[in-house]
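The sequence and the structure are shown below.

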Amino acid sequence: MNILLTGGAGLIGMAARDVLGRAGHTVTAIDVTDFGRDDPGLILMGLDDRTSLEGLIKANRIDAIVHCGAISGPMMARGKPLKIVAVNIDATALLLDLARVHGMKRFVFCSSISVYGNVGKMVITEETQLHPTSVYGASKVACEQLVEGFAVEYGLEGVSLRIGRVYGPYRRANCFLGDIIRNAQTGQPTAIPCDPDFIYHYVHVDDVAEAIAAVLVAPHFLRRSYNVGADEPLTMPQIAAIAEEAIAGARVELTPGADDVPDVQTDFDVSRIGRDIGWKPRLPLAAGLAAYRQAILSGRSA
Ligand SMILES: NC(=O)c1ccc[n+]([C@@H]2O[C@H](COP(=O)([O-])OP(=O)(O)OC[C@H]3O[C@@H](n4cnc5c(N)ncnc54)[C@H](O)[C@@H]3O)[C@@H](O)[C@H]2O)c1
């Protein structure tokens, strides 16, 4: 396929470029910035520039869009809710419209576990009601609804992936896992404020990229949204124990506190995408941390 990939300099975009390229697709990657990496494979373009996007789509005979470009978490634009609305919702609507106008086959939208909000102890499946607790989460719900609307009204084959908390090379937002790895290199302990019972749903970015690749070529979708995670719910004490085992020199000091996305989401069921599409996570946390450490050591990271 000839794929337009937005957010091509971001955490998921960088991994998706790699995985989709290796799968034989031709990827046209765009972003507003390359973060000073001098990235020859990236085209600098805003997501509000319809004319330039249209030119690129025509020139590269694009037949699918993978949409990773966004304000990518509530912490990325705190105090700027209208920026989140403008970048996330408006850009998604524009890209969906371009997909419609140019008769594209597939549209993959990066949604988030944030759409579910503060669920508590209930198992989260794709049927769970959506009650976001942030403007970011609400923007993801709105985008999913647009994907649905374009699918039903215009026949665009769109799918939303509700992705857990992603870690790996090129993550710029705060990440305890990256901190643990970097501090281990300099022999420093990592202090992590947490509620010891709070559950995290970390997923390695390569698994997410492979989920994107899988839905792009799936013969059809039985659903329009799928949960994507590592199927490994862990508390911070468990994460600390795994990290200290997997990373030479890692030391974690847990202190009382709360996470910056404090939604209680105990059980995140990611089995549906396995049954419908055949994708399953490959990297449990220990293996994912080892891969992340290797990327940092070899200079392939943010
Ligand atoms: N990282 C996570 O934990 C996580 C979890 C669930 C869902 N997601 C979603 O996955 C997608 C990708 O996330 P990520 O982790 O790669 O984020 P990221 O912040 O690393 O990448 C997002 C990219 O979008 C680009 N971007 C922002 N505004 C833009 C604009 N106006 N025009 C063009 N490009 C713009 C940024 O420059 C950035 O490179 C996002 O939609 C995010 O909400 C991320």
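Which helices and strands each supply at least two residues of the shell around the ligand?

## Ligand shell

The model is predicted. In this model, the helices α1 (11-22) and α4 (135-154), together with the strands β5 (106-112) and β8 (165-167), each contribute at least two residues to the shell around the ligand. The largest share comes from β5, which supplies three residues.

In total, 29 residues surround the ligand, and the closest are Ile12, Asp31, Ser72, Tyr136 and Lys140. Sorted by class, the shell consists of 15 nonpolar, nine polar and five charged residues.

For Arg171, an N or O atom of the side chain lies 3.3 Å from an oxygen atom of the ligand. The backbone also takes part: a polar backbone atom of Ala70 is 3.1 Å from a ligand oxygen atom.

On its own, the ligand has 820 Å² of accessible area, of which the protein covers 90%.

## The loop at Gly7

Gly7 is located in the loop that connects β1 (2-6) and α1. Its relative accessibility is 9%, so Gly7 counts as buried, the cut-off for this class being under 20%.

Beyond its neighbours within four places in sequence, Gly7 is in contact with Gly13, Ile30, Asp31, Cys68 and Gly69. Asp31 is also listed among the residues closest to the ligand. Gly7 and Gly46 are 39 residues apart along the chain, and their C-alpha atoms are separated by 9.8 Å.

## Nonpolar cores

The largest nonpolar core comprises 38 residues, and those with the most contacts inside it are Ile12, Val66, Leu161, Ile163, Ile212 and Ile273. At least two residues of this core come from each of β1, α1, β4 (64-67), β5, β7 (157-163), α6 (205-217) and β12 (225-228). The greatest contribution is that of α6, with nine residues.

Ile212 illustrates the packing within the chain. Apart from neighbours within four places in sequence, Ile212 is in contact with Ile12, Ala16, Val66, Cys68, Val108, Cys110 and Leu161. Another core, of 24 residues, lies apart from the largest one and includes Ile180, Ala184, Tyr200 and Val252.

Notes. Residues numbered from 1 in each chain as written. Predicted model: local features only at pLDDT ≥ 70, side-chain atom pairs only at ≥ 80, totals over all residues. Heavy atoms only, no water. Near = heavy atom within 4 Å. Polar contact = N/O pair within 3.5 Å; in protein donor to acceptor, adjacent residues only side chain to side chain. Areas by Shrake-Rupley, 256 points an atom, 1.4 Å probe, with all protein chains shown as cover. Helix = DSSP H or I, 4+ residues; strand = E, 2+ residues; numbered from the N terminus. Nonpolar A, V, L, I, M, F, W, Y, C, P; charged D, E, K, R; others polar. Buried < 20%, exposed > 50% of the residue type's maximum accessible area, 1.4 Å probe, protein only. Contact = heavy atoms within 4.5 Å. Core = buried A, V, L, I, M, F, W, Y, C linked by side-chain atoms within 4.5 Å.
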